[in-house]
Amino acid sequence: MCEHCGCGTATEAAGHGGHSHPHPHAHAHPHTHDATDAAPPTPGESRRIDVEQRILARNEERAAQNRAWLAERGIVALNLISAPGSGKTRLLEQTLERLRGRIPCAVLAGDVQTDRDARRLAGKGAHVHAIETGASCHLNAEQVGALLPHVCGDDTRLLFIENVGNLVCPAAFDLGESFKVALLATTEGEDKPIKYPALFSRAAVAIVNKTDLAGALDWDGAACRRFIRQVHPGVFIFELSAKTGEGLDRWLDYLEALV
Amino acid sequence: MHELSLAVALVEQAEAVLEREGAPRALALTVRIGDWSGVDPDAFAFAFPVAAEGSRLAGARLEIEREPLRVRCRACGAVTEPPDAIPCCAACGAADVEPQAGQAFDLRALEVAAC
């Protein structure tokens, strides 16, 4: 704020409307100038184009198309997101095996490289398709949309989209899913949800996996639930072990109720 | 990595605007990044010139405007800007809040050479 006249930032931005004072207004400069090769434009030589678009607008449009496509066919799609090694594939293996004959499922398995996850998930009664993202650290709506007609059969009711193992980037890319599921393993620490709030605040469901290791890790389940609810009060929380099957029934009942 | 793919998305979007406007290249662009958007402004500023290389945005000046997280508390009704961008009410501490601002990740404007 200007000490002489009390004009605030809004006034500064709009100019001083005719009144003058004996000092220059310093231009606030919180941003960086990484690309300064180009000579700064001088007034009169440049014009401003107002855009005001969300940067991920194109992805969001494609995601909306995917969402409509899935809704027309009555398919519930879950976007499964976690750090690498939290047990997404293991949970899906168990889930597909247990849902076999109960709910027709399909899986899109994303990985930076290899189709190992897709092969692990094959032969369990579900349509499975791999997406190798190459250099990219997340799935986008275009990749998913291109594969939807190939992975979803006429009878498919439930689609699992196994995102690339990464807690950061996938949270920003809407794929057209019904909702996001954030998976967290006890080995990662109770406070993961508040360290990566962008994902946990956007996920309708949080799964705490590897509860069979809780004893060895002095795992504080109540603290973890508190951290999850701190970033997302209304979230559904499931605590389970995909390895031993502990807590899995509740998760499966929930899935059955969805379709 | 994350910011690089976002910077690529920005370059594609800005190039589409330049194409529409018949502008050969951009001199500068203004981007708004919310503190609750999941985008790190420093990493984004670092990634942008790399993503812009060879495009109509090459060498363009990147201006980043920050948007603080602002939440409305469902418990006490206060509208506050919590510190550290953790979505809790700064007045009463409740976690049951509704974000009102801070999620932005927008291309606001482009500056191009006048024809």
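**Strands, burial and a pocket**

In chain A, strands β3(A) and β4(A), the latter spanning residues 127-132, pair in the parallel sense over 6 bridges. Within this pairing, A:Ala109 has A:Ala130 of β4(A) as its bridge partner. The model is a predicted one. Strand β3(A) also pairs with β5(A), residues 158-162; these two run parallel and are joined by 5 bridges. Here A:Cys105 stands opposite A:Leu158 of β5(A).

How many of the residues of β3(A) are buried? For this strand, residues 105-111, the count is 7 of 7, where buried means under 20% relative accessible area. The cover extends to both faces. On one side lie A:Cys105, A:Val107, A:Ala109 and A:Asp111, and on the other A:Ala106, A:Leu108 and A:Gly110, all of them buried. A:Ala109, the residue bridged to A:Ala130, therefore counts as buried under that cut-off.

Of the 259 residues of chain A, 49% are buried. Its accessible surface comes to about 12,500 Å², and carbon and sulfur atoms account for 49% of that area. Among contacts in chain A between residues at least 6 apart in sequence, 71% join residues at least 24 apart.

Strand β3(B), residues 70-73, pairs with β4(B) in the antiparallel sense over 2 bridges. In that pairing, B:Val71 has B:Thr80 as its bridge partner.

The two chains come together in the lining of the second largest pocket. The volume of this pocket is about 500 Å³. It is lined by 21 residues, and the closest to its centre are A:Ile55, A:Arg58, A:Asn59, B:Ala9 and B:Glu12. By type, the lining residues divide into 8 nonpolar, 7 polar and 6 charged.

Notes
Residues are numbered from 1 along each chain as its sequence is written. Chains are lettered from A and ligands numbered from 1 in the order in which they are written. This is a predicted model: local features need pLDDT of at least 70, side-chain atom pairs count only at pLDDT 80 or more; totals for chains, interfaces and linings use all residues. Side-chain values use heavy atoms; hydrogens and water are left out. On a 1 Å grid over the protein atoms alone, a cavity is a set of points where a 1.4 Å probe fits but cannot get out, and a pocket is an open set with protein on both sides within 12 Å along at least five of seven lines; lining residues have an atom within 4 Å of a point. Grid points are joined across faces, edges and corners, and a volume is the space filled by probe spheres set on the points. Ala, Val, Leu, Ile, Met, Phe, Trp, Tyr, Cys and Pro count as nonpolar, Asp, Glu, Lys and Arg as charged, and the others, Gly among them, as polar. Buried means under 20% relative accessible area, exposed over 50%, partly exposed in between (1.4 Å probe, protein chains only). Contact means heavy atoms within 4.5 Å. Accessible areas come from the Shrake-Rupley method with a 1.4 Å probe; for residues, only the protein chains shown count as cover. Helices (H or I, at least four residues) and strands (E, at least two) are DSSP runs, numbered from the N terminus. Two strands pair if DSSP finds at least two bridges between them.
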